[in-house]
Amino acid sequence: MTEPKNVMTVIDKEQLLESVMAMKTKGFRLSQAWASYKDGKYNLSYSFADDTTYYYETLRVVIDKDETIPSISEFYAYADFYENEMKELFGVRIQIFSNPFFHSSSEYVDLGVFSIPITVLWIVGITNSVN
């Protein structure tokens, strides 16, 4: 059995996308991402794992409170969940790439009168998928 190895690498925010792309190219999965706030700065950590070699690497980016960080969801689609948590819980500003299907300056899609029927269908669909 291979001995697990944990590595922490501190990078600049300009290196984030390039470093994440390198992890994706190596076949690493995004294991977790989180934020912390200390001394007026955000510490953003992105952890990647290689399940075959048990290699685990965390990329740490330290930014000021008013800085914006690029989204990594271009490489890992499920990173949206982690980034949304960083945004909602800590107020981290994340540069999200625009949705090519909706041309709007708003972050949300206004469904108007269809919002209630779509919500009901969504709830019924999720409930049925659990059964």
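Modeller: Keep in mind that this is a predicted model.

Biologist: Take Tyr-46. Leaving aside neighbours within four places in sequence, which residues is Tyr-46 in contact with?

Modeller: Neighbours within four places are left aside. The remaining contacts of Tyr-46 are Leu-16, Gln-32, Ala-33, Glu-57, Thr-58, Leu-59, Val-61, Ile-69, Ile-72 and Met-86.

Biologist: Which element supplies the largest share of the largest nonpolar core?

Modeller: That core has 23 residues; Leu-44, Tyr-46, Phe-48, Ile-69 and Tyr-76 touch the most other members. α1, β2, β3, β4 and α2 each supply at least two residues. The largest share, four residues, comes from β3.

Biologist: How many aromatic pairs does a search of the whole structure find?

Modeller: The search covers the whole structure, and the number of aromatic pairs is four.

Biologist: How is the pair of Phe-28 and Tyr-55 classed?

Modeller: Phe-28 lies in the loop between α1 and β2, and Tyr-55 in strand β4, so the pair ties together parts 27 residues apart in sequence. The ring centres of Phe-28 and Tyr-55 are 5.7 Å apart. Their planes are at 55 degrees, so the pair is tilted.

Biologist: Is Tyr-55 buried or partly exposed?

Modeller: Buried means under 20% relative accessible area. Tyr-55 has 22% relative accessibility, so Tyr-55 counts as partly exposed.

Biologist: Now Phe-48 and Tyr-76. How many residues apart in sequence are the parts that this pair ties together?

Modeller: The planes of Phe-48 and Tyr-76 are at 45 degrees, so this pair is tilted. Phe-48 lies in strand β3 and Tyr-76 in the loop between β5 and α2, so the parts tied together are apart in sequence by 28 residues.

Biologist: Which residue lies over the face of Tyr-76?

Modeller: Tyr-76 is buried, with a relative accessible area of 2%. At 4.6 Å from its ring centre lies Lys-24.

Key: Residues numbered from 1 in each chain as written. Predicted model: local features only at pLDDT ≥ 70, side-chain atom pairs only at ≥ 80, totals over all residues. Heavy atoms only, no water. Core = buried A, V, L, I, M, F, W, Y, C linked by side-chain atoms within 4.5 Å. Buried < 20%, exposed > 50% of the residue type's maximum accessible area, 1.4 Å probe, protein only. Contact = heavy atoms within 4.5 Å. Phe/Tyr/Trp six-rings, centres within 6.5 Å; stacked < 30°, edge-to-face > 60°. Lys NZ or Arg CZ within 6 Å of the ring centre and 35° of its normal.
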